[in-house]
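Here is a short report on a two-chain protein model. Please read it with the sequence and the structure open.

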Amino acid sequence: MDARAAHTCLHQPRKPTEMREEEIPTDRFFLPPSCILGAVNPSTEVCIARLYDLLGLTWRSASVGPRSQCTCCSAILSHGDIVTPETTLLTVARIWALAHEQGLDHLSTACVTSAAVHLECRETYEHEPGLAEKVDRWLQEACGRRLHIPKAIVHCSDVVYRHRNALAERLRYRLVDRRTGAPLKVVDHVGCHYGKVFPERAVGGAEDCDVLAGLVRAWGGVRVDYPERNHCCGMGFRQCMIRPNRGYTMACVLRKLESMAPYEPDLILTNCPGCNLFLDKEQHAVHELTGKWFDIPVLSYTELAALLLGWDPYAVAGIQAKTVPVEPLLDRIGIPYDKDRMYVPDPTEKAPTHEH
Amino acid sequence: MPDRDRPISPGELCSLGYDALRRLSDEQVVGGYEALRDQPGPSAHGTVYPNIARLHQSPLEREKDRREVWNRAASTPVPEAQAFYEEAKRRPVTWWLQHQLVAKHAFKSCMYCGVCTARCPAAQFYEEYNPRMVVDAVLSQDEERLEGLLRSDLLWFCGQCGSCKPCCPRENNLMGLISSLRMLCQLKGWHLCSVRGRQQYFARHLWGANFWNRGCSLYFRNAAPEGHPDFGPRWARYWRAVEAQMARVGASPDQDGLFGGRKLPPETLEELRACVHHGGTLALWTAVEEAAMADAGRRGVDLDAYWTLVGSEG
């Protein structure tokens with residue numbers, strides 16, 4: 001630890017423990033896409049754009065004609081230990097430059113690890129004197145762009161949370177059992193890199209995060225608490241993506257499922273691409289290894305919004321990609337679906353009508 | 001056998017292994033790869049680039065990346081960050097802890113409360129591991145002990161979830177500290193001492209290749225069922241028409257577009273590669289490549305076989 005860091009440590013005022021709802025911008029967002037969400041859960045990402053359009057929000061990505069200029073933020077490489085922090089700073093600074101060129105200073109990221117990486121970059125400039133000038137110079141040398149630190153960095157689930165009541169008014173269905181009228185029981189699993197890395201930038205902080213629980217309340221359900229609520233899903237970057245290490249991921253998923261099962265949740269709700277993938281997919285592996293079939297469907301916050309809005313479960317929400325079938329949940333809510341159209345693309349189906 | 005003087009068809013180029021590719025010129029390897037990558041094909045969903053599927057994770061892509069990275073890393077002027085990481089290869093671990101951008105801010109002090117270990121999912125799964133081991137070694141400032149840590153499997157067990165961060169009374173960033181030490185471990189070649197550390201060569205040509213060639217850390221074909229039997233039969237069924245399913249929901253698999261699977265234009269990739277270069281990452285990638293070549297030689301396998309080997313051991 002150097003003297004400068006020691007000085008910062010001793011004199012820094014205690015950080016706030018959570019983000020207030022009023023700190024979330026309401027409009028004018030730059031939307032950098034997520035590599036993992038786009039790869040394994042593409043409907044969730046496109047539904048962000050669809051929801052922003054529905055809410056009448058101004059948003060843009062960056063492209064030349066139909067060709068995107070947005071790269072990923074390098075988060076998986078950073079947590080996979082194969083890029084330097086300086087490369088991450090430059091990659092993120094380039095994305096910020098694209099946002100600035102679009103006249104947008106509110107960044108809403110589709111991935112929670114991406115949100116944490118963007119926030120980490122911004123914090124690093126605060127902790128390291130002279131770094132911003134250095135990165136600005138490197139960025140000019142590398143690609144002729146300039147460093148512009150955005151005014152706000154939030155995750156897209158923050159934006160949906162801010163507009164949850166406006167969305168509730170538009171819902172065609174609610175998180176209610178259509179036969180009994182009872183609210184459905186929802187387990188919220190907030191991505192670690194949303195609440196734990198920067199608790200002061202998370203609605204409700206790390207321990208009692210409200211970013212998903214608030215959606216459940218507003219949309220008619222009840223949140224179910226359980227002992228391992230804050231345990232990681234086990235995604236772990238090198239743990240899930242390098243095959244011999246995947247036992248770690250499976251064990252974490254099993255630990256969570258065993259902890260939540262006694263509370264009989266109808267649904268696991270997520271805001272992180274990794275959690276949305278592995279809490280669903282590893283239920284098959286857990287079944288193969290232990291014989292236990294938990295059969296708890298997993299949806300991201302935008303998949304759930306899409307379904308409750310009455311959008312097509314297959315052509316828009318993309319639930320055919322799920323390992324745990326979502327159709328029984330749709331039956332309980334009363335959402336219709338046509339299983340014959342599960343895997344059949346319809347040439348008349350249109351992509352979202354957003355800007356660009 | 002291909003040689004430098006004979007034109008090579010795209011189909012032949014894609015089928016070659018490490019030994020044959022080594023005999024080709026940069027123009028044959030790099031030029032051939034780029035021509036294949038940017039060649040559009042017919043599709044019902046707009047402009048599609050069908051060769052990307054064949055190129056990703058191929059021996060051709062790895063050989064092309066090696067050449068591009070070696071050439072760019074050797075160019076002058078050497079970026080400031082690259083010079084720092086080259087110097088770090090020769091410096092002690094304690095120097096790194098004082099000077100590296102993440103390491104020097106990650107750790108303040110420790111009151112030995114143990115809450116990081118209590119909250120750590122990796123400590124619950126791996127009996128031999130807990131994050132206090134890393135903290136103790138760093139606090140010791142003992143070079144021998146630190147080197148021992150960096151040569152062990154322990155460093156690679158952390159899942160980078162950050163569960164330890166919000167509960168640390170000293171606001172330490174152990175996730176960042178561990179990641180930083182893993183980077184130094186690779187720069188020094190010590191990752192070869194650990195079966196988990198050796199996996200970094202697989203990671204370099206997985207995430208690193210995605211980033212360098214497609215501008216993303218994760219490419220959608222990395223989730224193919226052959227590599228993910230744990231995802232179950234419904235995923236395998238979905239995957240049989242993955243491009244159509246992705247396009248159906250509005251994504252852009254190997255196409256121009258804004259969302260998942262999109263192909264980036266060469267000029268955007270060039271900007272990204274310049275950022276990678278100026279950020280010093282090529283010092284890391286060349287160190288990982290040199291270590292892999294030496295280790296593959298010791299094991300009597302070529303680099304293609306080595307890449308497969310280290311990705312399946314553990």
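Nine salt bridges cross the interface of chain A and chain B in this predicted model. A salt bridge here is a side-chain nitrogen of Lys or Arg within 4 Å of a carboxyl oxygen of Asp or Glu. Side chains of opposite charge can pair when their charged atoms come close. One such pair is Arg145(A) with Glu271(B), whose closest N and O atoms lie 2.7 Å apart. Another salt bridge joins the side chains of Arg67(A) and Asp256(B), at 3.4 Å from N to O. This pair crosses between chains: Arg67(A) sits in strand β4 (residues 67–68) of chain A, and Asp256(B) lies in the loop between α17 (242–248) and α18 (266–278) of chain B. Over all chains, a search of the whole structure finds 51 salt bridges.

Which helix gives the most to the side of chain A that touches chain B? Helix α7 (residues 131–143) of chain A does, with eight residues. In total, 117 residues of chain A are in contact with 100 residues of chain B. Contact means heavy atoms within 4.5 Å. The area buried between the two chains is about 8900 Å², and carbon and sulfur atoms give 58% of that. Buried area is the accessible area (1.4 Å probe) that two parts lose on being put together, summed over both.

**Confidence and conventions**

The model scores ipTM 0.97 and pTM 0.95. Chain B averages a pLDDT of 95, and 98% of its residues score at least 70. pLDDT is the predictor's confidence in each residue, from 0 to 100. In this predicted model, local features need pLDDT of at least 70 and side-chain atom pairs count only at pLDDT 80 or more, while totals for chains, interfaces and linings use all residues; side-chain values use heavy atoms, with hydrogens and water left out. Residues are numbered from 1 along each chain as its sequence is written, and chains are lettered from A and ligands numbered from 1 in the order in which they are written.

**Sheets of chain A**

Helices (H or I, at least four residues) and strands (E, at least two) are DSSP runs, numbered from the N terminus. Two strands pair if DSSP finds at least two bridges between them.

One open sheet has four strands in the order β2-β1-β5-β6, with parallel pairing. Its edge strands are β2 (59–60) and β6, each pairing on one side only. A second open sheet has four strands in the order β8-β7-β9-β10, again with parallel pairing. Here β8 (222–223) and β10 (298–300) stand at the edges with a single partner strand each, so one side of each is left without a neighbour in the sheet.

| Strand pair | Bridges | Facing residues |
|---|---|---|
| β1(A) and β2(A) | two | Phe30(A) and Arg60(A) |
| β1(A) (29–30) and β5(A) (106–109) | two | Phe29(A) and His106(A) |
| β5(A) and β6(A) (152–155) | four | Leu107(A) and Ile153(A) |
| β7(A) (185–189) and β9(A) (267–270) | four | Val186(A) and Leu267(A) |

**Domains of chain B**

Chain B is assigned domain 1 (1–55), domain 2 (82–196) and domain 3 (221–257). Such bounds come from an automatic or database domain assignment. The centres of domain 1 and domain 3 of chain B are 24 Å apart, taken over C-alpha atoms. Their contact takes six residues from domain 1 and seven residues from domain 3. The area buried between these two domains is about 580 Å², with 52% from carbon and sulfur atoms. Between them there are zero salt bridges, but two residue pairs are in polar contact.

**Backbone points to check**

Most residues other than glycine have a negative phi, and most peptide bonds are trans. Phe237(A) is not a glycine, yet has a positive phi of about 60 degrees. Phe237(A) is found in the loop between β8 and α12 (238–241) of chain A. In chain B, a cis peptide bond joins Thr76(B) and Pro77(B), with omega about -5 degrees. Pro77(B) lies in the loop between α5 (59–73) and α6 (80–88) of chain B.

Notes
Polar contact = N/O pair within 3.5 Å; in protein donor to acceptor, adjacent residues only side chain to side chain.
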